[in-house]
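Please keep the structure in view while reading.

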Amino acid sequence: MAYRFANRIKELKTSPLRENASKNMELKDVISFAYGFPPVEAFPMETLQKISQKLYTEVDPETFLQYGASEGYPLLRKLVKERLAKTANLHNEEQVLITSGSTQAMDIAVKVLCDEGDIVLCEEQTFSGAVNAIKGYGAIPIPIPMNVTEESVDLEALEELLRFEQRIKFIYLIPTFQNPLGTSIPLEKRQAIYSLAQKYDVLIFEDDPYGDLLYYGEPIMKLKEMDTDGRVMYAGSFSKILAPSARLGFIMAPDEIMEKLALAKQVSDSHTNFYWQVMLAEFMQNHQFEEHVSALKLYYKEKFEAMIAGLEALPEDKIQFIKPTGGYFICCKMADDLDPETFYTALDEAKVAVIPGNVMSVAQEGYERSFRLNFTKPTLSEIVDGVKVIGEALEQATPASCKQVI
């Protein structure tokens, strides 16, 4: 039989990030810097066991095994709101909706706001799952050119797009510990972006899955904190600070948008896993959740510093990298006179995995010499050994082996 698929699905491709992860899981002895995963050691196993035991022995099963509200477990929504007020100074009256990870928040936002042919502006390099969410509803992701020196969106280019593109529905940004760059948009630039959104009357989707993991310095005000006219949809995730399989995220948005988001979620999956919602609410209310997050930051900071030390020992004429202040990733760029094909082949042969820059770009091209490294999943010894292999691969990709990059 000849199957006829919807136009919106024809152009979608399997996530290269998930393909890479699946491949690495099947291979032995691979040092993977490609995952965006927490390690098993980061999971609060003892606390989760205690909470689970309590649920099954002391709590009415109707609470966590029955159908629930599409908006989420009321107590968890309240606790998330309270946490945002403390950690991000978000004291507005808007409510939160519990989603299946922040990826679903983006998916239903596109579903609610975009018709086919509408435009969503994205950072030139960004999370591929968000790009697929845009394409999945027939909308068009258009990259915002980057300011090379700041590794952030070019404000003049952004205004040019806002001025001349007529069907822009919103701007998708990961302002804090960006994926894949690891960078954070400076406060002044965030204020300028918000002002442009006001000037051209467009929404902003602020995706913040890594914002809790600050290792150095002070947090930067979120775009949502600047929101005076209901212009920013703010999404967060517990995947990086609890457990990815729980699939717990949230979105905060103005009431009028929230009403439509809840409707879209009802159609999608009725509600997010209620068992895990109750688990997290219990963790946040009666256990030391913030202490757990603080411990995670110390644990990841040690790995982060090990990777930075390894990268700093590599020749500057062969590799440059961005040093973030938190998050999950470090973005590197090999020198312009090195051959990326030779470099990636050498890594494959040495069983070291990275994410090439093209995978994390809207256009899927133009970033052949960039690659993303994750430092949270590998062990300290894997970080040391893997970065050493990267240095050896850079040596193999010398100018003598250069080929024309197509």
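1. In this predicted model, helix α12 passes helix α14 in a right-handed crossing. A crossing is right-handed if the near helix is turned clockwise from the far one by less than a right angle, and left-handed if anticlockwise. Helices here are DSSP runs of H or I with at least four residues, strands are runs of E with at least two, and both are numbered from the N terminus.

2. The axes of α12 (residues 289–312) and α14 (residues 380–396) come within 9 Å and cross at roughly 15°. Axes are lines fitted to C-alpha atoms, for helices over the stretch in contact, and angles run from 0 to 180 degrees between N-to-C directions.

3. Which residues of α12 and α14 meet? From α12 come E302, K303, A306, M307, G310 and L311, and from α14 come L380, I383 and V387; contact means heavy atoms within 4.5 Å. By class, this contact of α12 with α14 has 6 nonpolar, 1 polar and 2 charged residues. Ala, Val, Leu, Ile, Met, Phe, Trp, Tyr, Cys and Pro count as nonpolar, Asp, Glu, Lys and Arg as charged, and the others, Gly among them, as polar.

4. Helices α8 (residues 155–164) and α9 (residues 187–199) have axes that come within 11 Å and cross at roughly 10°; they are therefore roughly parallel to each other. L155, L158, E159 and L162 of α8 meet K189, A192, I193, L196 and K199 of α9. The residues of this contact divide into 6 nonpolar, no polar and 3 charged.

5. An open sheet is formed by 4 strands in the order β11-β12-β15-β14, with antiparallel pairing; two strands pair if DSSP finds at least two bridges between them. β11 (319–321) and β14 (355–356) stand at the edges with a single partner strand each, so one side of each has no neighbour in the sheet. Between β12 (residues 329–334) and β15 (residues 370–374) there are 5 bridges; F329 has N374 in β15 as its bridge partner.

6. The chain is divided into domain 1 (7–43 + 291–398) and domain 2 (65–288), with bounds from an automatic or database domain assignment. Their C-alpha centres lie 24 Å apart, and 35 residues of domain 1 are in contact with 37 residues of domain 2.

7. Residues are numbered from 1 along each chain as its sequence is written. Local features need pLDDT of at least 70 and side-chain atom pairs count only at pLDDT 80 or more, while totals for chains, interfaces and linings use all residues, and side-chain values use heavy atoms, with hydrogens and water left out.

Key:
Parallel < 35°, antiparallel > 145°, perpendicular 65-115°, else oblique.
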